[in-house]
Amino acid sequence: MQGFKNALIYVEGKGIIKTNLGIEKGKIAYIGDDENKITCPLDYIDGQVVVAGFIDQHVHGAAGSDAMDGSVEALSNIANALASEGTTAFLATTMTQSPENILKAMNAVKEYKGSNFENGAEVLGIHLEGPFISTKHIGAQPLDYVASPSIEVFDKYNSASGNNIKIVSLSPETEGADKLIAHLKEKGVIASAGHTDAGYNDIEKAIENGLSNITHTYNAQKGLHHREIGTVGSAMLFDSLNCEAICDTIHLSVPAIKLLIKNKPHDKFTLITDSMRAKHLSDGISELGGQKVIVKNGEARLENGALAGSILKMNDAVKNLVEKCGVSFTDAVDFATINPAKNLKVDNERGSIKVGKNADLTVLNQDFSVAQTIRNGKTVYKK
């Protein structure tokens, strides 16, 4: 049996223990003291920790490619790049664009998933970010293509994707959003408040209709005020809401990250990268939705200074939580593994290390760099 011998492994329900882990047919088949069961040991160096593979539910691109490129080649390139940061599964995230370009991106994901690629991280589906957003909190989304919430338009996109849309980011306060949110819940799709001017009453109503997620909390949404707690205050107040966070310490300050974690149930805080095509590339000029992006000193900004997504790697997000925010190692890993798995309702098969689950594993060095990434028992990245 292939696997790890005498390794430090973060096992569900037990924490980090020294044990043996066996893999058969892409699944975790054994966890226990009998090292003789592991007949084909995988590379492991003392001090490394084996954790579940990271899951990124909000990522636009990497290594020069973007989900909006609308091609199988672009998705494959992103998948391979994400594997190098310990990510074994992700949602290809779109943005506010023309219907033609969004449909192209939908079709590409359908084709990609139908091809059953084994390389890189697995595409679990799509995070449709926009076009149903508020013009008041446009962020780096192109204003020209903002559209009113529409069940008909969503159904068209979802059909083109092969019913692979898993999350829709929208502004709950806009006309028609309540009906779309209810429709999404009926379809088993996560409705997420993002790029929104929603206040407390809007969020409360949206939760009643099925809202369950907050897109990149704090960013591009109505802030907290003592007479109107806005989207940000509501995100903290309602325990049912899962909160995404870009923990690069650029989009969010360290105290803002600490405040959010302190105010959320443990399983309702989820790390995302929200990265764009410039990730894994050197500083310089890049592009997002046809807009010029300047990448310098770890920041990606439009010419007007607005942040244009990130170039954050998931293993660095985990590192930032531990080293800069004082979060425990296991909690930080949970925020990148089991929490997004629960949010996407795939925790029965991934998100933690347990016999019977997918052998999606990441081997972290002591400095949080990734030594090896394993997806379904197959090594998809090795340093």
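Predicted model: local features only at pLDDT ≥ 70, side-chain atom pairs only at ≥ 80, totals over all residues.

Colleague: What makes β11 and β12 a pair?

Modeller: Pairing takes at least two bridges. β11 and β12 share 4 bridges, so they qualify as a pair. Within it, L170 stands opposite A193 in β12.

Colleague: Which sheet do they belong to, and in what order do its strands run?

Modeller: An open sheet of 8 strands, paired in parallel. The order is β6-β9-β10-β11-β12-β13-β14-β15.

Colleague: Why are β6 and β15 called edge strands?

Modeller: β6 (54-59) and β15 (269-272) each have a single partner strand, so one side of each lacks a neighbour in the sheet. On average, neighbouring strands in this sheet are turned by 30° against each other, direction ignored. Helix α9 (residues 329-336) packs on the sheet and touches β6 and β15. Its direction makes about 75° with that of β15.

Colleague: How do you know whether α1 is enclosed or open?

Modeller: Buried means under 20% relative accessible area. Of the 12 residues of α1, 9 are buried, so the helix is largely enclosed by the rest of the structure. Among them are V72, L75, I78 and L82.

Colleague: What span does α1 have against the expected one?

Modeller: Helix α1 (residues 72-83) reaches 17 Å from first C-alpha to last, close to the expected 16 Å.

Colleague: How many cavities of 30 Å³ or more are there?

Modeller: The structure holds 1. The largest cavity has about 30 Å³ of space. Its lining includes R350, N358 and D360.

Key
Residues numbered from 1 in each chain as written. Heavy atoms only, no water. Helix = DSSP H or I, 4+ residues; strand = E, 2+ residues; numbered from the N terminus. Axes fitted to C-alpha atoms, helices over the stretch in contact; angles between N-to-C directions. Contact = heavy atoms within 4.5 Å. Expected span 1.5 Å × (residues − 1). Buried < 20%, exposed > 50% of the residue type's maximum accessible area, 1.4 Å probe, protein only. 1 Å grid on protein atoms, 1.4 Å probe; cavity = no way out; pocket = protein on both sides within 12 Å on 5 of 7 lines; lining within 4 Å. Points joined across faces, edges and corners; volume = space filled by probe spheres on them.
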